[in-house]
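Hi,

Here is the structure I promised to pass on. Have a look at it first, and then read on for what turned up.

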Amino acid sequence: MPSLLQAPGVSPGFLDLIEQEPLARSRVLDVGCGAGRLSLALAPAAAWVVGLDRDTALIQEARRRAEAAGLANTEFHEADVESEPYDPWTPDLVTAHLCASDAIIERAARALRPGSCLAMVSFHVDQWKETGKVSRFAYDETRMRDALERQGFRVEALEVEREVRRVSSVEEGLAAAVGLEDRWKADGRWFRYIAFLESGGRTLTRSHLLVKARRQGEAQ
């Protein structure tokens with residue numbers, strides 16, 4: 001049965017994992033919410049949604065979008081999700097879309113009651129592997145499992161979603177990376193990617209890690 005939740009740019013598989021939770025009676029904390037893409041998708045099904053992000057402009061945009069959609073069960077706050085505690089928001093479910101770190105996992109563990117859930121999408125180590133550089137935000141399956149279990153989570157889902165785009169020429173490869181050039185030039189990846197293409201490489205890999213984990217302990 002297809003998921004009732006929909007959000008452009010968010011994996012349907014990830015939304016399926018979230019939809020398995022009792023959203024109608026859940027207070028959701030969406031960390032690193034950006035302009036509210038996931039938060040606003042969850043709001044019609046959830047009891048309450050709180051979005052946190054450190055970017056003031058994105059938080060303001062999320063508020064505008066929530067108001068335009070007539071959503072009265074959302075709130076958005078500026079916060080550094082890697083340093084500030086989540087406990088004041090009393091979440092039943094913590095979500096994070098392409099915003100994953102050991103610090104986020106640790107704070108989620110402190111705030112969630114036993115039996116409650118953390119659902120995340122992180123960059124996988126194969127993300128943009130053609131550039132020859134692994135993002136510091138990327139995880140492989142072993143590192144993610146270790147980080148979760150270290151904080152008292154039981155892993156329920158740990159899945160890699162990978163899309164490999166194949167190109168036929170250097171020019172097509174550069175076109176496939178449109179929108180990434182400035183960022184990649186800033187950290188040196190752009191020139192490595194060009195070298196990859198010029199040496200005969202003809203792929204561009206997008207790879208994400210879908211995660212769902214349950215806080216262990218005796219439910220209250």
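Let's start with Ala 79, which sits in the loop between strand E3 (74-78) and E4. Keep in mind that this is a predicted model. Ala 79 comes out at 8% relative accessibility, so it counts as buried. Leaving out residues up to four places away in sequence, Ala 79 touches Leu 52, Asp 53, Arg 54 and Glu 84. Val 31 is 48 residues away from Ala 79 along the chain, yet their C-alpha atoms are separated by 9.0 Å.

Val 31 comes up again in the nonpolar core. The largest one has 29 residues, and Val 31, Leu 118, Met 120, Met 144, Leu 148 and Phe 153 are those with the most contacts inside it. Two or more residues each come from several elements, including strand E1 (27-31), helix H4 (102-111), strand E5 (117-123) and helix H5 (141-150). H4 gives the largest share, 5 residues. If you click on Met 120, you'll find it in contact with Phe 14, Ala 96, Ala 100, Ile 104, Ile 105, Met 144, Leu 209, Leu 210 and Val 211, leaving aside neighbours within four places in sequence. Apart from this core lies another, of 21 residues, with Val 10, Phe 14, Ala 41 and Ala 43 among them.

Now the aromatics. The count comes to 5 aromatic pairs. In one of them, Trp 190 and Tyr 193 have ring centres 6.3 Å apart and planes at 50°, so that pair is tilted. These two residues are 3 apart in helix H8 (residues 189-198), which means about one helical turn separates them. Both Trp 190 and Tyr 193 are buried.

What about Tyr 193 and Phe 196: how do their rings sit? Their centres are 6.4 Å apart and their planes are at 15°, so this pair is stacked. Again the spacing is 3 residues in helix H8, so about one helical turn lies between Tyr 193 and Phe 196. Is each of them buried or exposed? Tyr 193 has 0% relative accessibility and therefore counts as buried, while Phe 196, with a relative accessible area of 23%, is partly exposed. Ring pairs link Trp 128, Trp 184, Trp 190, Tyr 193 and Phe 196 into a cluster.

One last thing to look at is Arg 143: its charged end sits over the ring of Tyr 139, 3.9 Å from the ring centre.

Cheers

Notes
Residues numbered from 1 in each chain as written. Predicted model: local features only at pLDDT ≥ 70, side-chain atom pairs only at ≥ 80, totals over all residues. Heavy atoms only, no water. Phe/Tyr/Trp six-rings, centres within 6.5 Å; stacked < 30°, edge-to-face > 60°. Helix = DSSP H or I, 4+ residues; strand = E, 2+ residues; numbered from the N terminus. Buried < 20%, exposed > 50% of the residue type's maximum accessible area, 1.4 Å probe, protein only. Lys NZ or Arg CZ within 6 Å of the ring centre and 35° of its normal. Core = buried A, V, L, I, M, F, W, Y, C linked by side-chain atoms within 4.5 Å. Contact = heavy atoms within 4.5 Å.
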